[in-house]
Amino acid sequence: MIQGYKVWNQHTTRKMGMRTIGEREIFTFLEMKNNYYEILEATAERFPDKTAFCDNWNREYTYRQFLRLVDRLAGYLENIGVKRGSHVGLLLHNSIEFCAAFYAICKAGAVTVPFPSKYREPELRALIEKADLSFLLCSETFEEWIRRYDGKGIRIVYSRNEEHEMGFSYLKLPESLSGGSKGTLTDEAVLMFTSGTTSASKGVVLKNYNIIHAAMIYHRICGITPEDKTIIPVPIYHITGLIALLGLFVYAGGTIYLYRRYDARRILKCISQNHITFMHGSPTVFGLLMDCQKEFPELPSVRTLLCGSSYMPVEKMKRLHKWMPGMKLMTVFGMTETASPGTLFPYDAPTSIYPSSAGKPIPGMDLKIVDENGAELPAGQIGSVMVRGANITEYYYKQSSPLITEDGWLDTGDMGYANEDDYIFFVDRKKDMINRGGEKIWCTDVEEELMSIEGIEDAAVVGIPSEKYGEAAAAVVVLDSNAAMDQEEIRKKLRKKMAGYKIPEKILFLSQIPKTPGMKVDKQYIRTMFR
């Protein structure tokens, strides 16, 4: 077992120690606010006139203005019956309305249930029916879908006319005093549904201490200051957007730019003009930015990038680093169940001796690698990755799961190994591992080799049925605009790099790799392309 607090230096773990929160004894910060609203209060007191947000239409909000907006919205929610423990849904875009609603719900001690604004109506309906909502704050763009719930046990509040004013302004929000938040460290704060099919998605319950520990750890390791500026280039309703960007930057007193939709050119223009210093995104997010590199050859303000959600090939990281040589690229592994951070690379990954590692377990989290019988494995051996600690969910909503053991260990669903220096390497999701006649194939290994071939811009590998072997590897690739290769030429290049059984039996050439609404590689859909 690797204990996170032992693999970081004393500077990183200062003012941290063991304490009991609820029924858990955890390593965490000795001083913590009770909820995110109290964090906002403290930041607004320190930096009242500093710009907190710049919205999609370039309207700026200082921390003083944002706190007042949150207080007024919290007063309105209280007047319509929101109370401690109420489930309040958010179906809002990356917007000041989402941010204000989240902090207002935190003040009330209620539970925020964020819904994906990219989903279609049947997908949303399935999640709403799971969530036991009493209230739903919703953009008017979804009114046609959501109207059916009005008067059926869910109070709906619409955000309107966002292009011309703050979307809740028409409600004539009451004047309300600051302070008086009701949420405690052990109260449930967020109910977030995992990605995947709506029928299989699980409701992850995160308490205040989980999400506060997560934001404070990001702040401590990444060194975010009040002078830092960021864009939220991922959906704000995802754990990365909610905790690793919104929560982190409000804690630090930094400035956040909110764009309603992902637009690579607009984001790059914002980085250039507003001197953005920090971004946290997925390989897809950064890949789309790299497509526009020629238009923005220099971005000197960027000092730190965090890359997570899925594996980023080393070759791609090096290309990104070459574009922005003054920045530090830190890889991160996390999931909804870990309140975002799980492992973090302590310095610049692509220039390190372990560029393919996801870093070390964060302080406050333990990690172990186990075999199929649950026995712990030594360094270098691949097994199931298990985690427990201050940032880990205690349970799923209305669902018992073998993924969480009685003593608090969470099975991440990932396969990986640790090296002698306590760096963690993820090799694949268990469900994505390919078993070819008894030989295991890790998709990330094959993807790494494909990406190292000159002329291949992007690639994804999946398992497909095989009459002879039961399962075999198949790949989809995107070629550079100037490249010309066929399947056999790619296989020939791979034969020089890897064992024959790992080489994809089928290769499809695409203009882009299919993605989920969350901008992850959609391997489930890719498998259907080979049927």
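**Exercise 1.** Is Y354 buried or exposed in this predicted model?

*Solution.* Start with the relative accessible area of Y354, which is 18%. The cut-off for buried is under 20%, so Y354 counts as buried.

**Exercise 2.** Work out how the rings of F66 and Y103 are arranged, and which parts of the chain they join.

*Solution.* By the ring-pair rule, the model has 14 aromatic pairs. For F66 and Y103, the ring centres are 5.9 Å apart and the planes meet at 80°. Planes over 60 degrees apart count as edge-to-face, so that's the label for this pair. Next, place the residues: F66 sits in helix 2 (residues 63-79) and Y103 in helix 3 (residues 96-108), so the pair ties together parts 37 residues apart in sequence. As for burial, F66 has 0% relative accessibility and Y103 has 1%, so both are buried.

**Exercise 3.** Which residues does L450 touch, leaving out those up to four places away in sequence?

*Solution.* First find L450 in helix 11 (residues 443-451). Then go through its contacts: I456, A459, V461, A475, V477, I490 and L494. Finally, check the accessibility: L450 is buried, at 0%.

**Exercise 4.** Find the charged group over the ring of W409.

*Solution.* Look above the ring face: the charged end of K368 is there, 4.4 Å from the ring centre.

Key:
Residues numbered from 1 in each chain as written. Predicted model: local features only at pLDDT ≥ 70, side-chain atom pairs only at ≥ 80, totals over all residues. Heavy atoms only, no water. Helix = DSSP H or I, 4+ residues; strand = E, 2+ residues; numbered from the N terminus. Buried < 20%, exposed > 50% of the residue type's maximum accessible area, 1.4 Å probe, protein only. Contact = heavy atoms within 4.5 Å. Phe/Tyr/Trp six-rings, centres within 6.5 Å; stacked < 30°, edge-to-face > 60°. Lys NZ or Arg CZ within 6 Å of the ring centre and 35° of its normal.
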